[in-house]
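Thanks for asking for a second pair of eyes. Here are my notes, point by point, for reading alongside the model.

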Amino acid sequence: MTPRESDTIISAAAGTNEGNQELRSRSELTAKEVMREVGAVLRMSEADAALLAEVEADPGEDQTMIINMGPQHPSTHGVLRLMLELKGETVLRCKPIIGYLHTGMEKTGESLTFMQGGTNVTRMDYLSPLNNELVFSMATEKLLGIDGDIPERAVWIRMLLSELNRMSSHLLFMASNGMDIGAVSMMLYGWREREVVLRFFQKVTGLRMNHNFIRPGGVAADLPADWRDDVMSILDMLPDRLGEYDVLMTNQPIWRERLQGVGVITQAEAIALGATGPILRSTGLAWDLRRDMPYMHYDELEFDVIVGSYGDAFDRYAIRLNEIRESMRIVRQILDRVPSGDYRIQDKKVTPPPRARIDESMEALIHHFKIFTEGFKVPEGEVYVAIESPRGEIGCYIASDGSPTPYRMHVRAPSFVNVQALPHMMRGGLVADAVAVISSIDPVLGEVDR
Amino acid sequence: MGVVRNVLDDGLEGIDHNFLTGRIEDLVKWSRSRSSWGATFGLACCAIEMMGTGAPHYDLARFGMEVFRASPRQADIMIVAGRVSQKMAPVLRQVYDQMMEPKWVISMGVCASSGGMFNNYAIVQGVDQVVPVDVYAPGCPPTPETLIHAIETLHQLIEDGEIMRRRATSGAGANVHIQEVPAGITTPVILGSR
Amino acid sequence: MSTEASTTPATLHGCLLGDSRGQAVLFVPKPAYMATMKKLVDDGFEMCVDLTAVDFLTHASRTLPDGVAPERFEVVVNLLSLSKRERLRVRVQVSESDPSIESLFDLYPGTEAMEREAFDMFGISFAGHPDLTRILMPEDWQGHPLRKDYAQGRIPVQFKGAAS
């Protein structure tokens with residue numbers, strides 16, 4: 001029985017057969033398609049590509065096996081489905097099949113006002129929700145023309161929350177990476193640290209996750225009076241714990257064996273594939289939007305951009321571990337620099353009035369009503385704004401037609417583009433390393449599928 | 001329990017009888033409820049909170065649930081954590097079918113319970129359209145306390161035998177709705193006076 | 001890049017160069033698409049950050065510079081130059097009667113998934129794409145969800161009274 005036939009029989013009853021989206025056996029593909037899935041397209045010269053037409057199907061095809069990993073699988077970081085063609089234990093081709101978490105968020109975004117848009121966008125990358133809200137708010141503000149008028153306090157609060165979110169996201173990476181490699185205790189440690197950051201978020205925003213706190217015009221509420229103490233306690237606790245992780249993992253021979261040389265990607269490949277974030281930095285290119293195309297006040301802060309040399313999974317792990325340290329450094333600088341002032345722009349068009357004033361003033365009541373029911377109108381135009389999320393460049397493209405809801409709201413999700421690097425990284429490796437590779441890319445399926 | 005007090009006071013000599021009688025049914029229900037293993041079905045944001053509930057601060061292990069089995073054949077409870085898309089629904093059903101009886105389903109979060117904020121073409125409006133649900137846990141995402149409340153409600157139903165009774169009568173899930181438990185910190189968020 | 005006085009519009013590689021809230025936008029006619037993109041790669045735009053589409057069915061009256069004929073669909077490509085630290089946006093008008101355009105896969109392999117998504121959500125086909133299949137919706141799905149004539153798919157919900 002060929003793999004396709006058996007696949008059909010088993011899955012036909014439940015309708016999980018995704019037809020042409022799945023990995024097809026070599027005999028059904030053209031040479032160009034095989035080479036694309038194998039990942040060698042990028043490294044070929046034109047002369048080699050011209051010879052492709054003469055490459056016949058691999059004579060050893062009957063010795064290869066196509067297996068299916070996911071979508072329900074303990075290590076695929078959500079509902080990622082991978083079809084792998086194996087020869088023994090070696091992965092020849094890999095095809096990720098996504099869409100299992102497609103939520104129609106871009107369509108939903110077209111029916112929500114710009115004030116409500118944050119609730120939708122925040123659930124895309126659910127590990128760093130504040131970054132999603134930030135990029136959406138920045139795009140809206142650019143369309144409104146108020147991006148230069150956001151009060152200083154609001155900008156610094158946004159930076160503080162964004163960096164704390166980077167820390168909690170990278171701590172979760174450490175936890176899940178550890179568990180995927182087999183260091184199950186790391187899972188518990190990472191979550192323990194992350195919990196402290198989440199409790200701070202709850203104190204500030206009201207929710208542990210999916211906060212809808214960063215809104216067009218500023219932030220939704222002010223920081224509580226004792227926020228500095230809470231942040232200091234996080235900053236005091238973490239460095240020793242990170243040192244423990246260094247002992248537990250970074251310098252440990254088993255960890256190094258498992259991750260060094262696994263999932264290698266070259267700089268040219270990463271740029272060609274559009275991979276950004278730790279993947280691009282692990283190849284040696286120091287590209288970080290906070291440094292190279294700064295937004296908010298990142299150009300006033302001192303921090304290093306961590307770069308790897310080999311483009312392998314170990315580099316990506318080390319980059320993320322050290323980015324936690326760099327984020328702590330940034331937060332320490334922010335602690336002193338948050339000025340007093342408004343936490344949101346005082347532009348009546350965009351910002352609802354404070355709750356207390358609604359009881360006193362008729363205008364405030366009407367104004368609140370209009371903003372929350374109809375929404376504020378955004379002038380016609382289109383913008384693309386990008387920031388550095390823990391996974392890479394997250395961008396928001398909004399096309400507005402002058403109405404209170406976006407005409408088209410598209411989010412350029414870093415994981416969606418990074419997942420394309422999977423076939424290139426896995427080719428020639430062992431199937432046991434597949435999990436390490438997926439984990440080192442740190443995909444979040446919510447933003448892959450939106 | 002007097003037996004426990006006697007043992008604590010006098011050690012083994014405190015046991016004045018060495019037979020305990022009870023019904024096998026009670027023993028079976030008690031052990032089922034105290035060591036139910038979950039099937040990993042974390043889909044989206046709720047999965048993160050579910051993992052957080054298994055983490056040290058909230059610790060599902062004390063309820064016998066720290067082990068999340070990857071193979072549905074070895075699992076008792078399927079916690080559907082996250083939004084179920086049209087493409088995922090047949091997979092959900094397939095995993096549910098592979099679980100062995102007795103099996104229970106907790107629908108975690110509003111997206112799994114009713115489609116949540118995503119009332120559109122892409123999301124199944126409630127997993128009860130695909131699998132029978134026993135406990136619905138509201139929240140977006142439910143706090144770990146809410147999830148523990150849902151799990152403990154389910155455990156209580158299992159231990160009472162209530163759940164098997166409902167199954168026998170309706171053929172569907174137990175259909176229990178619980179209240180959301182707000183997370184521990186009660187500092188009010190400052191909405192500002194300016 | 002020529003920035004003339006306000007009487008003559010700016011052009012780049014023969015295409016109109018506009019400005020949207022301070023961001024550079026290049027309006028490329030469909031026949032000149034591939035040639036212009038190749039020139040932009042040579043200009044130093046090494047990375048294609050995003051490729052998406054917009055359906056202007058219900059907003060046909062959008063403002064476009066003179067000389068650009070509006071069509072139903074627009075393919076929007078965001079490019080990034082790592083060396084020059086610049087971004088450029090390319091907008092191509094794609095008509096409803098012929099919703100197809102050349103694929104950028106040979107220039108930027110990273111557009112593979114992005115073009116599949118545009119195909120899945122809008123029905124725009126990309127000629128030369130190695131594997132143009134649906135990516136987000138199930139294989140047997142009918143219709144292209146992000147088109148404006150495709151309904152959101154809401155089901156009516158009856159809210160019962162809040163629990164006491």
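**Notes on the interfaces and aromatic contacts**

1. Chain A and chain B bury about 4300 Å² between them, with carbon and sulfur atoms giving 64% of that area. Buried area here is the accessible area (1.4 Å probe) that two parts lose on being put together, summed over both. In contact terms (heavy atoms within 4.5 Å), 57 residues of chain A meet 42 residues of chain B.

2. Before going further, some ground rules: this is a predicted model, where local features need pLDDT of at least 70 and side-chain atom pairs count only at pLDDT 80 or more, while totals for chains, interfaces and linings use all residues. Residues are numbered from 1 along each chain as its sequence is written, chains are lettered from A and ligands numbered from 1 in the order in which they are written, and side-chain values use heavy atoms, leaving out hydrogens and water.

3. Back to chains A and B: how many salt bridges link them? The count is one salt bridge, a term that needs a side-chain nitrogen of Lys or Arg within 4 Å of a carboxyl oxygen of Asp or Glu. Arg208(A) pairs with Glu49(B) in a salt bridge, with the closest N and O atoms 2.8 Å apart. Helices (H or I, at least four residues) and strands (E, at least two) are DSSP runs, numbered from the N terminus.

4. There are also 11 residue pairs in polar contact across the interface of chains A and B (both at pLDDT 80 or more). A polar contact is a pair of N or O atoms within 3.5 Å; within protein, one must be able to donate a hydrogen and the other to accept it, and residues adjacent in sequence count only if both atoms are side-chain atoms. Have a look at Lys87(B) too, which lies over the face of Tyr100(A), 5.3 Å from the ring centre. For a charge over a ring, NZ of Lys or CZ of Arg must be within 6 Å of the ring centre and within 35 degrees of the ring normal.

5. Now for chains A and C. The area buried between them is about 4600 Å², and carbon and sulfur atoms give 53% of it. The contact involves 54 residues from chain A and 58 from chain C. Seven salt bridges turn up across this interface; Asp292(A) and Arg85(C) meet in a salt bridge at 2.4 Å, N to O. Strand β6 (residues 381-389) of chain A gives the most to the chain A side here, with six residues.

6. On to the rings. The whole structure has 10 aromatic pairs over all chains. The ring centres of Tyr298(A) and Phe303(A) are 6.2 Å apart and their planes are at 70 degrees, so this pair is edge-to-face. Rings of Phe, Tyr and Trp (its six-membered ring) pair if their centres lie within 6.5 Å; planes under 30 degrees apart count as stacked, over 60 as edge-to-face and the rest as tilted. The charged end of Arg291(A) sits over the ring of Phe303(A), 4.7 Å from its centre.

7. Is Phe303(A) buried or exposed? Phe303(A) counts as buried, at 2% relative accessibility, and Tyr298(A) is buried at 1%. Buried means under 20% relative accessible area, exposed over 50%, partly exposed in between (1.4 Å probe, protein chains only).
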